[in-house]
Structures are given as C-alpha cells and as structure tokens.
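Please keep the sequence and the structure in view while reading.

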Amino acid sequence: MNKFLMAAIGGTVAGVVATTQFVGPLVAQEADKQASVYEQLDLFGDIFERIRAQYVEDVEPGELIEAAINGMLTSLDPHSSYLPPDDAENMRVQTRGEFGGLGIEVTQEDGFVKVVSPIDDTPAAEAGIESGDFITHVDGESVLGMTLDEAVDLMRGPVGSEIVITVVREGEEEPFDVTITRDTIKLTAVRTRLEGDTVVLRVTTFNDQTYPNLAEGLAERIEEAGGADKVNGIVLDLRNNPGGLLTQAIKVSDAFLDKGEIVSTRGRNPEDGERFNATEGALTDGKPMVVLINGGSASASEIVAGALQDHRRAVVVGTKSFGKGSVQTVMPVRGDGAMRLTTARYYTPSGRSIQALGVSPDIVVQQPRPRPEEEEDEATNRFSRSEADLRGRLDNDSLTEEEVRQIEEDRAKAEAAAALREEDYQLAYAIDILKGLSVLETEKAQLEQ
C-alpha cells in the first residue's frame with residue numbers, strides 16, 4: 001500500500017515539476033510581449049513629441065492622435081476605421097435613409113478609391129458612375145496615398161456644389177473626368193412594380209426602412225395584380241446594392257424562407273459565433289423567385305442572395321457579386337466618435353464564406369452595354385413584312401373574336417418583354433425564367449388532375 005501511495009505521490013510531484021518547466025517559459029514569453037508593447041508605446045510617445053516640437057508647421061495634437069488611431073485601424077483591412085464625431089453622426093443618419101453626398105458606396109483598392117456601387121437616383125448614378133470604377137483624383141487632387149476616410153472627406157461638400165472626379169474604367173483607354181453636383185441623398189430602400197405577371201422588388205440598400213418597405217410594396221403589387229394566384233413569381237433585384245444593416249438582411253431573407261439557417265457569423269473566439277434562423281411564415285407562399293446580382297451587390301445583399309441560393313428558394317441570375325464577407329461592429333468611443341471594427345466573417349447556410357470570392361450566380365447573364373444610336377435606328381427602321389401585310393391575303397376565320405383578342409394581348413405582352421430586353425436585359429431574362437417555371441407548374445398541375 002505504501003509503495004502505491006509513494007508512487008502516486010511521486011507521479012504527482014513529477015507532474016508538478018514537469019508543468020512548472022513548461023509554464024515558466026510561457027510566463028516569461030508573455031512578460032516579454034508585454035514589455036515589447038510598452039516599448040512600442042514609448043516609441044509612439046517619442047515620435048509624437050518630436051513631431052509637436054520639430055515639424056515645420058504647428059499641428060493640432062488631437063488631429064495627430066486621430067490620424068494615428070485611424071492608421072492603426074485601416075492597416076487591418078479596408079473596412080475598419082475611426083469615425084470622428086461628425087462622421088459617426090453622418091453614419092447614423094445614413095442608416096436612417098437620408099444624407100448629403102454623391103450617392104456612391106466606395107472601398108479602397110491598390111491605394112485608389114473603388115466604387116462598390118452607385119445608388120439609384122443619385123447624382124453619381126445620373127452622371128454615369130459604374131460599379132468597379134476607380135476614382136484617382138478629386139478636383140485635380142490625387143487620392144493615392146490617402147486613407148479611405150480622407151478621400152471621402154474630399155468628396156463631401158455643400159449641397160448644390162460641383163465636384164470633378166477622375167475615373168479609370170475597365171475597357172476605357174484613358175482616364176476621364178466626370179462632373180457631379182452634390183445633393184441631398186434620400187434613399188428609397190425598396191421600389192416595387194409589376195412587369196406583366198411578375199412582381200419586381202428593387203432593393204437599393206439595407207437600412208431601417210428596407211423590410212417595412214418591401215412587405216408593404218409586395219402586398220400592394222399583389223393586390224394590383226388581382227391576387228397572389230395572378231402572380232407568376234417574384235424578381236428580387238439586388239444589383240448595385242452595397243449592403244447595410246445585417247438585421248435587415250436577415251429580415252428580408254426570412255420574408256421568403258419558412259425555416260432553416262439564414263446566415264452565421266464567426267469571430268476570433270468560437271463562443272462569439274452566432275446563427276440566425278428563419279421563422280415560420282413567408283410573405284410569398286412559395287412563389288417562384290429569381291434574385292438578380294452583379295459586381296455591385298455587396299455585404300447584406302450577398303447574405304440574402306447566398307441564403308436563398310443555398311436553400312434552393314431562388315434562381316440567382318447575373319454576374320458574380322462583390323465578395324464582402326466580413327461583419328463590422330460600430331463601437332462608440334469617448335468624445336462622441338466611433339470605431340468601425342471588423343469582428344467576424346459571415347457564412348451562408350451551406351457553410352461557405354464569400355469573402356473575396358462573392359456569390360456566383362446559377363445562371364451568368366451579362367448586362368450588354370447600350371448600343372450606339374446609329375445601330376438602334378438601323379434596327380428600328382429595318383424593313384419587315386408579314387403575311388398580314390400582303391394585299392389579297394386570306395382571312396383567318398377559324399378563331400373566335402375572344403381568341404383573336406387573347407392572341408393580340410399575348411403578342412402585346414411579348415412585345416413589351418422585347419422592349420424590356422433593350423432597356424434591362426438581365427431583368428428581362430429573370431422574368432423569362434419565371435414565365436418558363438410558371439408554364440411548367442401549370443402543365444404539372446394539369447397532368448395531376
């Protein structure tokens with residue numbers, strides 16, 4: 001017995017010794033790290049004082065510190081930054097849906113400002129700014145080397161004032177200038193309309209008004225169509241939607257899903273991860289859906305598109321989305337400012353991250369560039385004839401007046417669809433998909449009877 005007891009005690013002592021041998025170096029390493037941090041902070045203090053004492057011009061200490069903080073945050077990724085009090089207030093106003101500016105969502109790439117997307121019905125959109133454009137100069141001043149916030153500040157100004165931005169665009173040989181008049185940007189989060197038997201929901205941003213606007217607009221369009229049974233499907237248009245509030249992306253996804261995961265977020269620590277699931281009861285009663293995306297669809301737009309795609313709830317059509325798969329948390333800091341910090345990545349229900357990859361559409365459809373006016377005139381004026389134009393033709397007496405009227409109505413719808421292809425090819429393609437699905441559903445129902 002004593003032998004077993006001694007062996008147990010010996011094992012315990014050995015364990016303590018062994019543990020101490022490992023913990024000792026770890027504690028020392030941690031202490032070295034702490035010492036290194038304090039040395040770096042001392043270095044910062046030395047440089048700060050040297051600048052204040054010897055820089056060629058007087059500088060505001062507060063501005064120096066703000067610049068240092070912002071530099072620390074922007075070195076992490078393009079979406080982390082410091083927001084001084086005015087910028088923090090502007091951001092809070094923007095999420096409510098009205099603010100002053102040009103109407104573009106931007107990021108930074110290769111030192112230049114890159115347009116994520118222009119916002120519908122804003123000065124930038126009306127001036128022809130496109131997703132993927134690079135802004136290299138503002139009023140002749142280069143933005144190379146500026147932080148994103150500095151470049152954005154340069155683009156801000158009084159409502160009604162003009163700004164000239166220099167743009168580099170893929171496919172254009174030379175940079176070109178665009179003059180834009182600043183204006184108050186009033187965001188309409190969701191616009192709805194009927195295209196034939198299809199409800200089109202155009203979501204331009206995800207702010208506090210997005211889900212209420214969507215639910216109200218969808219109900220109005222269904223009533224306009226004469227009831228849900230008169231609607232063949234829904235197009236959710238997320239093109240050039242730069243994103244916004246995560247909570248609104250979840251609500252919009254939930255509007256079309258009855259169950260299952262919508263999105264999950266994962267931070268540095270596993271316990272900080274969250275999952276968001278759909279609740280029972282959708283707004284559309286399972287109507288077929290097409291989601292439209294392009295390179296300007298980012299962040300919250302990608303959450304919605306990814307969720308509906310993974311659940312096979314919608315066919316995703318268009319081109320690859322922007323690929324912003326990170327979550328930013330806005331944290332108030334002293335002095336009424338705020339810190340925007342990337343705290344997590346988000347994942348679609350299948351567990352895929354779209355960070356830097358984007359959501360790939362099920363059907364790739366490019367939006368053709370407008371044809372020159374000469375080509376359009378030539379296409380419009382092309383001489384064409386049919387049997388109905390021939391003198392002495394035989395009449396068609398095999399159809400009733402009602403059948404002839406129905407054929408003429410169907411032809412008018414087809415011509416309207418053809419006109420839409422000239423105006424918005426991607427949207428017309430999405431509507432054609434829903435027409436095809438509607439025909440298949442009708443034939444399936446007839447066979448089952």
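A residue counts as buried when its relative accessible area is under 20%, as exposed when that area is over 50%, and as partly exposed in between. By this cut-off Lys 114, with a relative accessible area of 17%, is buried. The model is predicted, and the points below are grouped by topic.

**The chain as a whole**

- The chain has 449 residues, of which 35% count as buried.
- Its secondary structure comprises 11 helices and 19 strands.
- Among contacts in the chain with a separation of 6 or more, 66% are made by residues 24 or more positions apart.

- Strand 3 (residues 104-109) and strand 4 (residues 112-118) run antiparallel and are joined by 6 bridges.
- The two strands form a hairpin with 2 residues between them.
- Within the turn of this hairpin, Asp 110 has a positive phi of about 55 degrees.
- Glu 109 has Phe 112, in strand 4, as its bridge partner.
- Lys 114 belongs to strand 4.
- Beyond its neighbours within four places in sequence, Lys 114 is in contact with Glu 105, Val 106, Thr 107, Glu 109, Gly 132, Asp 133 and Phe 134.

- Strand 11 (residues 198-203) pairs with strand 12 (residues 233-237) in the parallel sense, over 5 bridges.
- The bridge partner of Val 200 in strand 12 is Val 235.
- Strand 12 also pairs with strand 15 in the parallel sense, over 4 bridges, and here Val 235 has Val 290 as its bridge partner in strand 15.
- Strand 15 and strand 16 are likewise paired in the parallel sense over 4 bridges, and Ile 293 has Gly 318 in strand 16 as its bridge partner.
- From strand 15 the chain crosses through helix 8 to strand 16, a β-α-β crossover that is right-handed.

**Cover over the sheet**

- How many residues of strand 15 are buried? The count is 5 of its 5 residues, and the strand is mostly covered.
- Both faces of strand 15 are covered: one side carries Met 289, Val 291 and Ile 293, the other carries Val 290 and Leu 292, and all of these are buried.

**Pro 158 in its loop**

- Pro 158 is located in the loop between helix 5 (148-155) and strand 7 (162-168).
- Is Pro 158 buried or exposed? Pro 158 counts as exposed because its relative accessibility is 58%, and the cut-off for exposed is over 50%.
- Pro 158 and Asp 183 are 25 residues apart along the chain, and their C-alpha atoms are separated by 8.0 Å.

Notes: Residues numbered from 1 in each chain as written. Predicted model: local features only at pLDDT ≥ 70, side-chain atom pairs only at ≥ 80, totals over all residues. Heavy atoms only, no water. Buried < 20%, exposed > 50% of the residue type's maximum accessible area, 1.4 Å probe, protein only. Pairing = 2+ DSSP bridges. Contact = heavy atoms within 4.5 Å. Right-handed = clockwise from strand over helix to strand, strands pointing away.
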